[in-house]
Amino acid sequence: VIIAFWATWCPYCKKLLPGLEELHNKYKDKGLVVIGVNIKENWQPKTYWHNHEYTFASVLAGDTIAELYGINGTPGLVFINPQGQVVKTAHFSDPKHPLLEKFAQHYLK
């Protein structure tokens, strides 16, 4: 599982989310789950999500979830292994960051 914490006002999130959509489409049938969690919002995340046609799951009011994972800013990423353990947290916006592909391939079914 990759959880991506994002906001509509975050330019770095706008850069990262299309890459996560691509990763989701590439690996969803092999077991990868990508979840977007909207935090610290001041606009309409549902409208934003719909307008961009992202197909991975999203939580639209996730400030409490961010607190649980210790995420204070956007974009924040949490990588969870198949056993449910957090293996890494990160903050980056590069949609082609090698960690994304490496994580997805490591846990392929």
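In which loop is Pro75 found? In this predicted model, Pro75 lies in the loop between helix H3 (63-69) and strand S4 (76-80). The peptide bond from Thr74 to Pro75 is cis. Its omega is near -15 degrees. Most peptide bonds are trans.

Two residues call for comment on backbone phi. Most residues other than glycine have a negative phi. Lys40 is not a glycine, yet its phi is positive, at about 50 degrees. Lys40 sits in the loop between strand S2 (34-38) and helix H2 (45-52). With a relative accessible area of 45%, Lys40 is partly exposed. Glu53 also has a positive phi, near 55 degrees. Glu53 belongs to the loop between H2 and strand S3 (57-59). Its relative accessibility is 63%, so Glu53 counts as exposed, the cut-off being over 50%.

The overall fold comprises 4 helices and 5 strands. From the N terminus on, the order is β-α-β-α-β-α-β-β-α. The C-alpha trace spans about 40 × 25 × 20 Å along its principal axes. The radius of gyration is 13 Å. A compact globule of 109 residues would have a value near 13 Å, so the two agree.

Of the 109 residues, 42% count as buried. Among contacts with a separation of 6 or more, 64% come from residues 24 or more positions apart. The accessible surface is about 6,200 Å². Carbon and sulfur atoms account for 53% of that surface. The protein carries 11 positive and 9 negative charges. The mean positions of the positive and negative charges are 5 Å apart.

Terms used:
Residues are numbered from 1 along each chain as its sequence is written. This is a predicted model: local features need pLDDT of at least 70, side-chain atom pairs count only at pLDDT 80 or more; totals for chains, interfaces and linings use all residues. Side-chain values use heavy atoms; hydrogens and water are left out. Helices (H or I, at least four residues) and strands (E, at least two) are DSSP runs, numbered from the N terminus. The radius of gyration is taken over C-alpha atoms; the globule rule is 2.2 Å times the number of residues to the power 0.38. Buried means under 20% relative accessible area, exposed over 50%, partly exposed in between (1.4 Å probe, protein chains only). Contact means heavy atoms within 4.5 Å. Accessible areas come from the Shrake-Rupley method with a 1.4 Å probe; for residues, only the protein chains shown count as cover. Lys and Arg count as positive and Asp and Glu as negative; His and the chain ends are not counted. The place of a charge is taken as NZ of Lys, CZ of Arg, CG of Asp or CD of Glu.
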